[in-house]
Amino acid sequence: MSITDEQIKEFSATISKERLSAFIQDSTDTIDVVLERYQNNILISQALYPELSIFEITLRNAIDTMLKSCFSETWIEDEVKQQNLLLDYEHAKLVSAYNSVKNDRTVKRFTIGKVIANLNFGFWVNLCSKKYNAKIWTKKGTFKGVFVNYPNNIQQINNIARKLDLIKALRNKVYHYVPVLKNPNALLNRYNDIQELLSYLPHDKSNMLMRTSSFLTTYNEVLKKTNRAK
């Protein structure tokens, strides 16, 4: 028996029809099964937060540090004044982020760090694409300036870019409450991609991910629960 609109409407105060319907997988699903999938998705998404947030911050800090070292300590201010390093789309995003912080009356003191924090993950992922080969990644010291622990002598940003695009897609699903468990193996592969790319980036002594990560435990618990219900 298929789930009726009336059943879905019972939960519309907290879950929209469109949101809950995304968790229906076949005509034999009951409303309880769908609600459990929704709950499991929240648990998995919650467990991914440390990986996604730490990866995003580490990547952007590493790219910023490299650009300061290889191009200019004031690369952001320079680029806002005159477009040189960035292509049109990323330049527009940078100028928008800069002006947003500059014109925000709630910001007591303007800093470049606040501009960097105002640039989204997609901005930094775009900088790691092959379209920036000529402007950034073929320059001496740029690749190893970010991916300091990359093990291969062939330092091609394309190898990194493919995995970054997949991680960005997962991040967007998590942050927009889209189902992420339809393909458990693909989800585990993305988790492993994050771990791999993090291993290439600079480390410090905080061990923050080790102290906060619960993804594998949650992932295995959810899969066990799902398999028992079948």
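Q: Before anything else, what counts as a helix or a strand here?
A: Helices are DSSP runs (H or I) of at least four residues and strands are runs (E) of at least two, numbered from the N terminus. The model itself is a predicted one.

Q: Then which elements does the protein chain run through from the N terminus on?
A: The order is α-α-α-α-α-α-α-α-α-α-α-α-α. That corresponds to 13 helices and zero strands in the protein chain.

Q: What box do the C-alpha atoms fill?
A: Along the principal axes, the C-alpha atoms of the protein chain fill a box of roughly 65 × 45 × 30 Å.

Q: And what share of the residues is buried?
A: Of 230 residues in the protein chain, 38% count as buried. The accessible surface is about 13,600 Å², and carbon and sulfur atoms contribute 50% of that area.

Q: What share of the contacts links residues 24 or more positions apart?
A: Such pairs make up 67% of the contacts in the protein chain with a separation of 6 or more.

Q: Changing topic to charge: how many positive and negative side chains are there?
A: The protein chain carries 32 positive and 23 negative side chains, and the centres of these two sets lie 6 Å apart. Side chains of opposite charge can pair when their charged atoms come close.

Q: How many salt bridges does the count come to?
A: The count comes to seven salt bridges. One of them joins the side chains of Glu56 and Arg171, at 3.0 Å from N to O.

Q: Which parts does that pair tie together?
A: Glu56 belongs to helix α3 (residues 31-70) and Arg171 to helix α10 (residues 157-175), so the pair ties together parts that are 115 residues apart in sequence.

Q: Are those two buried or exposed?
A: Glu56 is buried, with a relative accessible area of 11%. Arg171 also counts as buried, because its relative accessibility is 15% and the cut-off is under 20%.

Q: What about Lys17 and Asp5?
A: Their side chains meet in a salt bridge with an N to O distance of 3.5 Å. Lys17 sits in helix α2 (residues 17-21) and Asp5 in helix α1 (residues 5-9), so this pair ties together parts twelve residues apart in sequence. Lys17 is partly exposed at 41% relative accessible area, and Asp5 is partly exposed at 36%.

Q: Where do Arg190 and Asp193 lie?
A: Both lie in helix α11 (residues 184-200), three residues apart, about one turn of the helix. Arg190 counts as buried at 17% relative accessibility, and Asp193 is buried with a relative accessible area of 8%.

Notes: Residues numbered from 1 in each chain as written. Predicted model: local features only at pLDDT ≥ 70, side-chain atom pairs only at ≥ 80, totals over all residues. Heavy atoms only, no water. Buried < 20%, exposed > 50% of the residue type's maximum accessible area, 1.4 Å probe, protein only. Contact = heavy atoms within 4.5 Å. Areas by Shrake-Rupley, 256 points an atom, 1.4 Å probe, with all protein chains shown as cover. Lys, Arg positive; Asp, Glu negative; His and termini not counted. Charge placed at Lys NZ, Arg CZ, Asp CG, Glu CD. Salt bridge = Lys/Arg side-chain N within 4 Å of Asp/Glu carboxyl O.
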